[in-house]
Amino acid sequence: MNQKRYPLLPLIILCAGIILTLFGCGGTPSTTTPPPSSTASLGAQLYTDNCARCHGVNRQGSSLGIALPKTNPVIANDTAAELATFISVHRIAIIFTPDQVSALVDFLKNG
Ligand code: HEC
């Protein structure tokens, strides 16, 4: 047995373990869930790019499109699914992905 040659070995192993536990292995921090606002900000971006030219940058409306406040009956009363269907067929020649449509719905209802 060599135990007497390395009297500090168990202590070193213990310290290494503590250090690894505290600081990890130098890897990147684990990914966190994006904050809830990220969908809304994607929706806001999509709105600015695709809807604002008719509905106004602040949803105030323009000569080309009506104002779209949260209290608009279609936005307030349609379910998210109904609103998503409406957006998908509404006036613009862009085909949104389902994620983009739900981001827009989220933005219209909550953003
Ligand atoms: C070319 C102009 C134009 C563009 C671009 C446009 N809209 Fe509209 N939108 C209108 C007009 C005009 C109306 C009025 C009602 C109708 O014609 O459907 C309307 C109505 C709506 C309504 C229903 C409001 C109501 O009370 O009937 C919603 C919701 C809406 N738009 C959302 C959007 C979203 C979201 C986008 C972008 C993805 C968008 N619109 C892009 C012109 C536009």
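Which loop does Gly61 lie in? Gly61 sits in the loop between α3 and α4. Before going further, a word on ground rules. This is a predicted model, in which local features need pLDDT of at least 70 and side-chain atom pairs count only at pLDDT 80 or more, while totals for chains, interfaces and linings use all residues. Residue numbers start from 1 along each chain as its sequence is written.

**The chain overall**

The chain has six helices and zero strands, so labelled because helices are DSSP runs of H or I with at least four residues, strands are runs of E with at least two, and both are numbered from the N terminus. Read from the N terminus on, the elements go α-α-α-α-α-α. Of the 111 residues, 13% count as buried; a residue is buried with 20 or more other C-beta atoms within 10 Å of its own, exposed with 12 or fewer, and partly exposed in between, the C-beta atoms being placed from the backbone. As for contacts (C-beta atoms, placed from the backbone, within 7 Å), residues 24 or more positions apart account for 47% of those in the chain with a separation of 6 or more.

**The loop between α3 and α4**

Back to Gly61, which is partly exposed, with 15 other C-beta atoms within 10 Å. Not counting residues up to four places away in sequence, Gly61 touches His55, Gly56, Ile66 and Ala67. Arg59 lies in that loop between α3 and α4 too, and counts as buried, with 20 C-beta neighbours inside 10 Å. The backbone of Arg59 is worth a look: its phi is near 65°, a positive value in a residue other than glycine. For context, most residues other than glycine have a negative phi.

**Around the ligand**

How many residues are around the ligand? There are 20, and Asn50, Cys51, Cys54, Gly65 and Val74 come nearest; the cut-off for being near is a C-beta atom, placed from the backbone, within 6 Å of the molecule. The elements giving two or more residues to this shell are α3 (52-55), α4 (73-77), α5 and α6. By class, the shell divides into 13 nonpolar, five polar and two charged residues. Here Ala, Val, Leu, Ile, Met, Phe, Trp, Tyr, Cys and Pro count as nonpolar, Asp, Glu, Lys and Arg as charged, and the others, Gly among them, as polar. Val74 belongs to helix α4 and counts as exposed, with 12 C-beta neighbours inside 10 Å.

**How α5 meets α6**

Helix α5 (residues 80-89) and helix α6 (residues 98-110) have axes that come within 9 Å and cross at roughly 115°. That makes α5 roughly perpendicular to α6, a label for angles of 65 to 115 degrees, with under 35 roughly parallel, over 145 roughly antiparallel and the rest oblique. The axes are lines fitted to C-alpha atoms over the stretch in contact, and angles run from 0 to 180 degrees between N-to-C directions. On the α5 side the contact is made by Ala80, Leu83, Ala84, Ile87 and Ser88, and on the α6 side by Val101, Ser102, Leu104, Val105 and Leu108. That contact has eight nonpolar, two polar and no charged residues.

Val101, in helix α6, counts as buried, with 21 C-beta neighbours inside 10 Å. Leaving aside neighbours within four places in sequence, Val101 is in contact with Ala84, Ile87, Ser88 and Phe96.

**Some C-alpha separations**

| Pair | Apart in sequence | C-alpha to C-alpha |
|---|---|---|
| Val101 and Gly43 | 58 residues | 8.0 Å |
| Val74 and Phe86 | 12 residues | 9.4 Å |
| Gly61 and Cys51 | 10 residues | 10.0 Å |

Conventions
Contact = placed C-beta atoms within 7 Å.
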